[in-house]
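Dear colleague,

Please find the structure below, followed by some notes on what was found in it.

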Amino acid sequence: MLYLKEKKLLMPLTKRDFLIGGLFLYWGEGTKTSEARTALSNTNPAMIKFFIQWLKLLNIPLERIRIYLHLYNDMSIEEEINYWSKEINISKNQFSKPYIKISNNSSITHKGTFGHGTCNIIFNNARFSEKVLTNLRIIEEQFKI
């Protein structure tokens, strides 16, 4: 009952809702270490899909997106690339060689929340990155004291 009530309130998202939601997602989860790169890393395929749709909304061609996976050494690289490619509907040829975390500690494993590793969506474009960071600065300024 609560789910349906809240869904009716939230959906469908408008283009503006989607734009602002993507900015806040990037603000919280995005990689902001390079002024020429817009990237987001997460283990949740739904969050990655949302980010990809946000990039599409902003007219970023999907073929310009690169995928970089962080996996554990006990994972099958081929299976995980296949999993993510299917989940996010991105061609396998857009995947870079994954980072493999070597772990000899049996308590550290990919089981649980990291079941398919971490997916990094990367778009390299300085002008686009500048636009996104400018939008975030505009939002941030509204909440500064």
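In which strand is Thr38 found? Thr38 is in strand S2, residues 37-42, where strands (E, at least two residues) and helices (H or I, at least four) are DSSP runs numbered from the N terminus. This is a predicted model, in which local features need pLDDT of at least 70 and side-chain atom pairs count only at pLDDT 80 or more, while totals for chains, interfaces and linings use all residues. Residues are numbered from 1 along each chain as its sequence is written, and side-chain values use heavy atoms, with hydrogens and water left out.

At 1% relative accessibility, Thr38 counts as buried (buried means under 20% relative accessible area, exposed over 50%, and partly exposed in between, with a 1.4 Å probe and protein chains only). Leaving aside residues up to four places away in sequence, Thr38 touches Tyr26, Phe51, Ile121, Ile122, Phe123, Phe128 and Ser129, contact meaning heavy atoms within 4.5 Å.

Tyr26 also belongs to the group in H2, with Leu23, Phe24 and Trp27, that meets residues of H5, including Val132, Leu133 and Leu136. The axes of H2 and H5 (residues 126-141), which are lines fitted to C-alpha atoms over the stretch in contact, with angles from 0 to 180 degrees between N-to-C directions, come within 10 Å and cross at roughly 90 degrees.

Best regards
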